[in-house]
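Look at the structure shown here before reading on. The paragraphs below go through one part of the fold at a time.

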Amino acid sequence: MIIINNSSMSEYKSTNINSSPPPTEGLEEASNPLLQPFQTVHQTAPFNSVKIEHYLPAFDAAIDEAKAEVQKIIDDPAVPDFSNTIVALDLAGEKLERIKAIFFNLNSAETSDEMQEIAQEVAPKLSDFGNDITLNEQLFDRIKTVHNQLENLVLNVEETTLLEKTYRRFVRSGANLNETDKAKYREITKELSQLGLKYQQNVLAETNAYELLITNKKDLSGLPESIIEMAAQTAQSKEKEGWLFNLQYPSYVPFLKYADNRELREQIFRASSSRSNHGNENDNNDIIRRIVELRIEKAHLLSFKTHAEYKLQERMAETPEKVTSFLDDLHQKSKSFAVKEFAGVQRFAEKDGFTGIIQRWDWAYYSEKLKSERYNFTDEEVKPYLQLEKVISGVFGLAKKLYGLGLKENKGIEVYHPDVSAYEVYNENLEFIAVLYLDFFPREGKRSGAWMTDYRTQSNVNGNSIRPHISLVTNFSKPTENTPSLLTFDEVTTFLHEFGHGLHGMLSQCQFPGTSGTNVYWDFVELPSQIHENWAYEKEWLDQFAIHYQTGEKMPEELILKIKKAQNFQAAYMMERQLSFAMLDMAYHDRELPVEGDLKEFELNAVASTDLFESVDGSLQSTAFSHIFSGGYDAGYYSYKWAEVLDADAFSVFQEKGIFDRKTADSFRKNILEKGGSEHPMILYKAFRGQEPTPAALLKRNGLV
Ligand SMILES: [Zn+2]
């Protein structure tokens with residue numbers, strides 16, 4: 001996961017910027033550390049002196065300053081050129097970006113009620129400010145003037161990229177439309193955002209409306225103790241007797257996996273898979289038809305044939321045709337394996353006394369049993385080999401071996417919590433290149449999951465080199481009095497994943513904040529993170545640090561092998577499932593005409609080739625497919641598989657040349673990690689790989705050959 005706060009105005013739209021009033025509270029401003037130049041080591045965030053009361057006045061002052069900077073660009077009497085318009089706009093609001101980064105990063109890692117209140121108050125101010133920019137006609141006129149001269153300008157690749165990116169951001173938000181169409185565009189986007197919200201509310205309402213209350217203890221048969229306990233607590237919190245299950249992930253998934261009672265599994269499955277498809281006030285069928293129709297209208301307004309074409313203009317995959325053939329290709333290669341996996345589960349179930357054909361509510365149940373019969377190991381067996389301190393040295397060692405990086409803790413760098421440590425990162429010539437914060441343990445005020453983010457983005461405009469400040473935040477288990485922090489295998493891959501994003505930020509050698517580091521197309525952003533996960537399965541790397549914290553023994557090869565194989569369990573089934581979602585997404589979004597008629601039929605048609613199960617009456621994926629109807633993944637669901645293909649394909653070069661091969665690592669660094677979003681990702685990728693990615697390596701890794 002990655003959070004980018006410093007998106008340098010990439011989401012802004014709207015009109016007219018007022019010149020800023022002079023700051024009225026000069027005294028306060030002078031004592032507000034957020035508004036002063038940072039006097040800290042490497043100009044890092046001054047966490048020790050920032051107090052909660054500093055944020056709001058700092059936001060207000062910085063927004064005013066940013067507005068004034070943008071107004072200065074508009075008022076510039078000089079003829080618009082690349083430097084006084086495009087670069088100036090990318091650099092405008094630097095102070096605001098700095099404050100946003102500190103505030104929103106801490107709102108994720110160390111929040112409080114006060115922080116959340118400030119977030120509520122600041123959000124509309126920031127979005128107004130954003131709107132003031134992308135719909136400002138005078139500003140767009142200047143950008144357009146520069147863009148019209150593109151052919152005659154002497155620009156390098158990154159400068160051209162920034163110009164195109166800036167121009168497109170405005171055009172894609174309707175800046176080039178005539179007044180009538182602009183009004184239409186605004187109406188469409190407004191209705192779309194309302195419909196997206198309504199869709200999500202409907203799914204939520206239907207998710208929350210269902211409860212499965214179990215009062216007979218024997219209906220709990222098969223469920224693990226921890227799940228039963230959770231269900232008892234849920235019941236208690238609602239003042240009910242017994243055990244309460246619902247459609248939330250942590251309750252629903254284990255129930256399907258473990259509950260022996262087949263009728264109840266069917267009941268809960270049917271409830272989940274028919275959400276917002278009951279013809280009641282929470283029904284999403286009409287909303288879907290309308291969303292699809294409006295997206296087509298919007299695409300047509302902006303001169304695209306389909307919504308997918310519009311979305312893919314800013315993706316590595318580029319065109320709907322490419323996505324469709326990508327999905328078909330993977331499907332052709334996986335389908336026969338998936339059919340075999342299905343037959344395997346069917347056979348296994350029959351041996352267990354099951355009669356009939358495996359239904360959707362049987363799949364997870366028998367698969368789980370089959371899996372534990374085949375690969376019998378637990379997290380508890382793996383953890384003693386993965387002591388956090390040793391894993392850190394393993395990850396740092398990898399950075400040294402591949403990229404020549406040295407990391408040195410500096411206790412003089414201010415941090416926001418005693419658990420956080422800060423490092424200086426040096427390259428092989430011992431030049432300082434970045435600050436890295438590591439924040440490992442859960443605590444109240446930190447949200448769950450793991451992410452990479454930055455407090456400062458790398459840039460180098462006119463010789464002013466700004467080095468990045470990167471942060472990795474996770475929720476790994478804390479050490480106790482007697483036991484050090486021991487990680488699960490998944491936590492190690494998570495660490496490598498976030499560290500990979502971190503490298504993308506730290507190694508960046510770009511010119512502009514808007515094109516540096518992780519500011520890349522989102523079907524490309526997971527390459528640096530996911531590729532580094534591959535080392536976790538390499539004995540050669542594990543041998544360097546995966547040592548039992550009590551016995552000093554290396555992690556047994558047999559155990560590593562089991563982990564690898566378990567990872568590939570039902571890989572083809574999982575592949576087909578992901579492909580079916582992506583195909584459904586494309587069916588809705590790569591079309592020029594609205595969807596007519598029954599959505600069930602539409603959906604069955606779209607995913608027919610991947611389907612292994614009998615169709616279930618009343619079930620509909622579409623009505624609770626929030627990713628594509630309210631989550632921003634429209635014409636983008638393919639990117640999950642796309643990123644996997646990329647990382648496997650790229651890692652295959654290391655497998656061929658040696659997993660620590662410096663030449664390969666150098667090439668990955670120079671062509672990918674240093675380049676950020678300065679050039680089209682396919683060009684960057686081909687420079688590293690010598691060709692476009694192919695799925696061969698992923699299929700091999702998944703055992704599908
Ligand atoms: Zn990620």
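The text starts with a strand and its partners, then turns to the nonpolar cores and to a serine.

This is a predicted model, in which local features need pLDDT of at least 70 and side-chain atom pairs count only at pLDDT 80 or more, while totals for chains, interfaces and linings use all residues. Residues are numbered from 1 along each chain as its sequence is written, and side-chain values use heavy atoms, with hydrogens and water left out.

β4 runs antiparallel to β3 (residues 406–409), with four bridges, and Leu 407 stands opposite Val 425. Six bridges join β4 to β5 (residues 432–439), also antiparallel; here Ala 422 is the bridge partner of Tyr 437. Five residues lie between β4 and β5 in a hairpin, and Leu 430 in the turn has a positive phi of about 60°.

Leu 436 touches, among others, Leu 407, Tyr 423, Val 425 and Phe 499 (heavy atoms within 4.5 Å). Leu 436 and Phe 499 are among the residues that touch the most other members of the largest nonpolar core, which has 139 residues. Such a core is a set of buried Ala, Val, Leu, Ile, Met, Phe, Trp, Tyr and Cys residues joined through side-chain atoms within 4.5 Å.

Ser 459, in strand β7 (residues 459–461), counts as buried because its relative accessibility is 8%.

Notes: Helices (H or I, at least four residues) and strands (E, at least two) are DSSP runs, numbered from the N terminus. Buried means under 20% relative accessible area, exposed over 50%, partly exposed in between (1.4 Å probe, protein chains only). Two strands pair if DSSP finds at least two bridges between them. Lists of a residue's contacts leave out its neighbours within four places in sequence.
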